[in-house]
Amino acid sequence: MSSLEISNVNKFYGPTQALFDVSLSIGKGEFVTLLGPSGSGKTTLLKLLAGFEAASGGRITLGGRDITELKPEARNFGLVFQGYALFPHMTVRDNIAYPLKVRRMTRDQVESRVRDMLELVQLTRFIDRRPSELSGGQQQRVALARALVFKPEVLLLDEPMSALDKKLRVDLQEELRRIHHSLGTTFINVTHDQEEAMHMSDRIAVMNHGRIEQFDTAFTLYRHPASRFVADFVGKSNIFSGELVPGAGGQGLDFRGDGLEVRLGLPGPAAGKADLMIRPEDLSIETAAPADGRTALAAEVLQSTYSGDRALYALKLANGREISAYGAARTGIYPEGAKVFLCFAPSDATLVG
Ligand SMILES: Nc1ncnc2c1ncn2[C@@H]1O[C@H](COP(=O)(O)OP(=O)(O)OP(=O)(O)O)[C@@H](O)[C@H]1O
Ligand SMILES: [Mg+2]
């Protein structure tokens with residue numbers, strides 16, 4: 001069942017268009033992340049959902065009800081925005097209780113809800129502290145509790161972890177996932193960190209220049225990117241530009257370009273320009289050309305980056321093109337200048353788009 005429906009939404013700031021015909025259909029209880037580079041329109045879309053900015057065109061519905069024109073208060077969405085800080089003079093209890101007091105709940109109801117939320121974010125023992133007496137991660141968890149305490153249907157998060165260090169970010173990602181799982185609330189999270197997006201989301205909307213490039217699971221985005229932008233932005237990739245040409249022996253279509261020829265054997269008579277993607281982990285680095293029919297590209301090692309479990313290599317192909325590949329690093333690392341073969345099966349190469 002679809003809960004939040006964004007249909008053909010546009011947004012202008014004066015003459016600047018920040019969103020172009022954005023449409024997304026988000027299921028009830030889904031964890032969706034808006035992922036994109038700086039300026040791609042993520043915060044703008046979230047502000048439209050929150051009701052802080054008015055859409056210049058298009059419609060937003062929640063459970064079939066048109067909320068496009070509704071004021072923020074009437075939407076009843078939970079918000080964790082940058083700069084949407086805790087009240088510094090209030091204790092943790094009072095910060096979390098605030099949205100309930102605004103909603104005129106009784107004192108007992110408030111206290112019981114506050115305690116439930118503190119248990120959820122595992123901060124019960126900090127109930128009487130002020131924000132200044134908490135770490136950055138703990139403050140964010142209080143902000144999360146405050147945003148969820150009135151049981152909103154939808155929680156909007158704008159880069160809630162951007163100010164935290166890597167370790168805390170990962171902890172809070174786990175926490176968010178657990179909380180999402182236990183509540184069943186629809187979460188819409190904004191980030192420009194593709195790892196964070198992949199770790200947490202049911203689906204990811206990749207944004208670029210105010211447009212949705214692709215809305216899919218992390219797996220589909222990574223293995224079957226719909227555009228070159230997505231292939232580049234989500235994970236590391238090697239992209240070869242070329243064309244689809246009639247295959248050898250008249251069997252389907254093959255790829256040729258950028259110093260590469262790959263027997264794809266794709267169906268269809270249509271040929272034309274194409275981008276072929278090979279992820280660095282799909283290349284196997286070997287010292288001799290394989291005899292098993294896989295494609296082998298002669299390459300020279302330019303640089304290696306060792307990370308314990310593996311090494312990332314920058315290499316150069318015979319035509320001068322650079323390419324990256326991961327190698328196992330249990331027994332050693334290829335030195336700079338080493339001559340190797342990058343081997344792959346045609347099924348490891350993916351057409352982009
Ligand atoms: N109030 C505003 N007035 C004019 N232009 C704006 C306004 N807010 C945002 N923009 C423009 O709209 C575009 C999208 O901005 P937005 O803040 O949505 O990007 P973002 O994806 O959230 O970026 P970041 O990752 O840096 O937070 C940008 O080009 C920005 O300059
Ligand atoms: Mg932003």
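The structure is a predicted model, and the protein in it has nine helices and 20 strands. An assignment divides the protein into domain 1 (2–233) and domain 2 (238–351).

**Overall form**

- The C-alpha trace of the protein spans about 80 × 50 × 35 Å along its principal axes.
- Of the 353 residues in the protein, 48% are buried.
- When contacts between residues at least 6 apart in sequence are considered, 63% of them join residues at least 24 apart.

**Contact between the domains**

- A distance of 39 Å separates the C-alpha centres of domain 1 and domain 2. Eight residues from domain 1 and nine residues from domain 2 take part in the contact.
- The two domains bury about 760 Å² between them, and carbon and sulfur atoms account for 40% of this area. On the side of domain 1, the residues that lose the most area to domain 2 are Tyr 222, Arg 223 and Arg 228, which together make up 71% of what that side buries.
- Tyr 222 also takes part in a charge–ring arrangement: the charged end of Arg 279 sits over its ring, 3.8 Å from the ring centre.

**Helix H3 and its surroundings**

- The buried residues in H3 are Val 92, Asn 95, Ile 96, Ala 97, Pro 99 and Leu 100.
- After H3 comes Arg 104, which has a positive phi, near 55 degrees.
- Lys 151 is placed in the loop between H5 and strand E7 (154–158). With a relative accessible area of 61%, Lys 151 is exposed, because exposed residues are those over 50%.
- Lys 151 and Thr 185 are 34 residues apart along the chain, and their C-alpha atoms are separated by 8.1 Å.

**Aromatic rings**

- The model contains five aromatic pairs. In one of them, Phe 31 and Phe 187 have ring centres 5.4 Å apart and planes at 50 degrees, so this pair is tilted.
- Phe 31 belongs to strand E3 (residues 31–35) and Phe 187 to strand E8 (residues 186–191); the pair therefore ties together parts that are 156 residues apart in sequence. Both Phe 31 and Phe 187 are buried.
- A further pair, Phe 52 with Phe 81, is edge-to-face, with 5.6 Å from centre to centre and 75 degrees between the planes. Phe 52 lies in the loop between helix H1 (42–50) and strand E4 (57–62), and Phe 81 in the loop between strand E6 (78–80) and helix H3 (92–102), so the pair ties together parts that are 29 residues apart in sequence.
- Phe 52 is partly exposed at a relative accessible area of 35%, whereas Phe 81 counts as buried at 10% relative accessibility.
- Arg 310 lies over the face of Tyr 326, with 3.6 Å to the ring centre.

**Thr 33 in strand E3**

- Thr 33 is located in strand E3, the strand that also holds Phe 31. At 0% relative accessibility, Thr 33 is buried.
- The side chains of Thr 33 and Ser 201 are joined by a polar contact of 2.6 Å.
- Beyond its neighbours within four places in sequence, Thr 33 is in contact with Asn 189, Thr 191, Ala 197, Ser 201, Arg 203, Ile 204 and Ala 205.

**Gln 214 in strand E10**

- Gln 214 is part of strand E10 (residues 211–216), and its relative accessibility of 7% places it among the buried residues.
- A polar atom of the Gln 214 side chain lies 2.7 Å from the backbone nitrogen of Ala 226.
- Apart from neighbours within four places in sequence, the contacts of Gln 214 include Ile 204, Ala 205, Val 206, Thr 220 and Leu 221. His 224, Pro 225, Ala 226 and Val 230 are also in contact with Gln 214.
- Ile 204 and Ala 205 are contacts of Thr 33 and also of Gln 214.

Methods: Residues are numbered from 1 along each chain as its sequence is written. Chains are lettered from A and ligands numbered from 1 in the order in which they are written. This is a predicted model: local features need pLDDT of at least 70, side-chain atom pairs count only at pLDDT 80 or more; totals for chains, interfaces and linings use all residues. Side-chain values use heavy atoms; hydrogens and water are left out. Rings of Phe, Tyr and Trp (its six-membered ring) pair if their centres lie within 6.5 Å; planes under 30 degrees apart count as stacked, over 60 as edge-to-face and the rest as tilted. Helices (H or I, at least four residues) and strands (E, at least two) are DSSP runs, numbered from the N terminus. Buried means under 20% relative accessible area, exposed over 50%, partly exposed in between (1.4 Å probe, protein chains only). A charge sits over a ring if NZ of Lys or CZ of Arg is within 6 Å of the ring centre and within 35 degrees of the ring normal. A polar contact is a pair of N or O atoms within 3.5 Å; within protein, one must be able to donate a hydrogen and the other to accept it, and residues adjacent in sequence count only if both atoms are side-chain atoms. Contact means heavy atoms within 4.5 Å. Domain bounds come from an automatic or database domain assignment. Buried area is the accessible area (1.4 Å probe) that two parts lose on being put together, summed over both.
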